[in-house]
Amino acid sequence: MTTRIFSGMRPSGKLHLGNYLGAIKNWIALQDAPDTATCIFAAVDLHAITTPYDPATFQKNINDVLLDYLAAGVDPKRSLLIRQSRVPQHAELMWLLSTITPVGWLERLPNYREKLTQVAEMTPSFGFSGSVPPGKDVMQHAREQASTILDKKSYQNNLSLLAYPVLMAADILLYKADLVPVGDDQLPHIELTNEVGSKFNHLFGETFPNVRPFVAPGARIMSLQDPTKKMSKTGDDGIALTDSPDEIRGKIKRATTDSGREIMFNETDKPGISNLLTIFSTLSGAAIDKLERDYAGKSYGDFKADLAEVVVGFLEPFQRRRAEFAADPATLAHILTESEEKARIVAAEHLAEIHQKMGLR
Ligand code: TYM
């Protein structure tokens, strides 16, 4: 049986170790698997605009995410690399699927409830940025900048926050993908995708496959400051893939650890050290119980110092590759043009079938 893979990330901040370990690492492994037929990896820009963002820097954010994908090893010979909004069929299929998605299915989703609270509490993470151009009045510049920052009040409970998972279902079903490598926070969305897909099949005839999530160790990397919360793109609680060696060493040194002295995996009693053990193990390939044995009798300080070098050692070649791709924008532009063209062909073919089945043609 061949596998069709789709996954994506919101370009709404710097990607971090959680994004890499929870998702991109598995994208790379699956891209090389023998039964993989197609892989599509997207910068989901239409999802990113559902929360406050800065239009002036948005294209740069999208570009940054795509550079991270390439530097991590997404291979454009084997995978398509796309910007969601450049394949307009995503948005169209979302509308079609929304006609069979009860609002109740969306309202109960934990991610929606979480986002509602986050957006309500959010102060935009982008603010007055950049230096004042020569000859320009500071206040005038500040006012112009402020007007590009969208008022957070306009984001409090928009339709798109609720409809978000329908667009995600459309992303996946548009390509009839059957395997979606993600972190475990996305599992309710995959479940919804299957509910919507099977409802469509029931109403209009067999069209969409059952979608399986692909989740591996590292599917939930926690914040370094508060290990009871997920590492996230906003805030300074994570290690960005582009952090410098000194920033990484500092962040790991300051990471919250637990009472006691033992280096032991126990998520309930020792969430801090367990999270660090997961990061160490998934990046180095060493099993957690081996790490526990290796560090028996050693201090948190020794363990953190070694972990910092593992992270720095992993990110150094990543950042070198990233800098090479960043210095060659024509290559990325070419990859995107080719990938998006191929994606649109598959998308148009599947959408034509869906139109037919729904009686729109
Ligand atoms: P996003 O952008 O929040 O996160 C991108 C991917 O990274 C995973 N992830 C984590 N994994 C482990 N530990 C963490 N702390 C952590 N934080 C994030 C996420 O689980 C995700 O796999 N809705 C999606 C984007 C999306 C999508 C799709 C994904 C849109 N359409 C279709 C798959 C298929 C999202 O917001 O991911």
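Mentor: Two terms first: Ala, Val, Leu, Ile, Met, Phe, Trp, Tyr, Cys and Pro count as nonpolar, Asp, Glu, Lys and Arg as charged, and the others, Gly among them, as polar. This is a predicted model: local features need pLDDT of at least 70, side-chain atom pairs 80 or more, while totals for chains, interfaces and linings use all residues. Numbering runs from 1 along each chain, and side-chain values use heavy atoms, without hydrogens and water.

Trainee: How many residues surround the ligand?

Mentor: Residues count if a heavy atom lies within 4 Å. Y164, D171, D185, I221 and K233 are the closest. By class, the shell has twelve nonpolar, ten polar and six charged residues. The number surrounding the ligand is 28.

Trainee: How much of the ligand's accessible area does the protein cover?

Mentor: The area comes from the Shrake-Rupley method with a 1.4 Å probe. On its own, the ligand has 710 Å². The protein covers 98%.

Trainee: Between which domains does the second largest pocket lie?

Mentor: Its lining has six nonpolar, five polar and three charged residues. Domain bounds come from an automatic or database assignment. Both domains give residues to this lining, so the pocket lies between domain 1 (3–119 + 161–220 + 329–358) and domain 2 (245–325).
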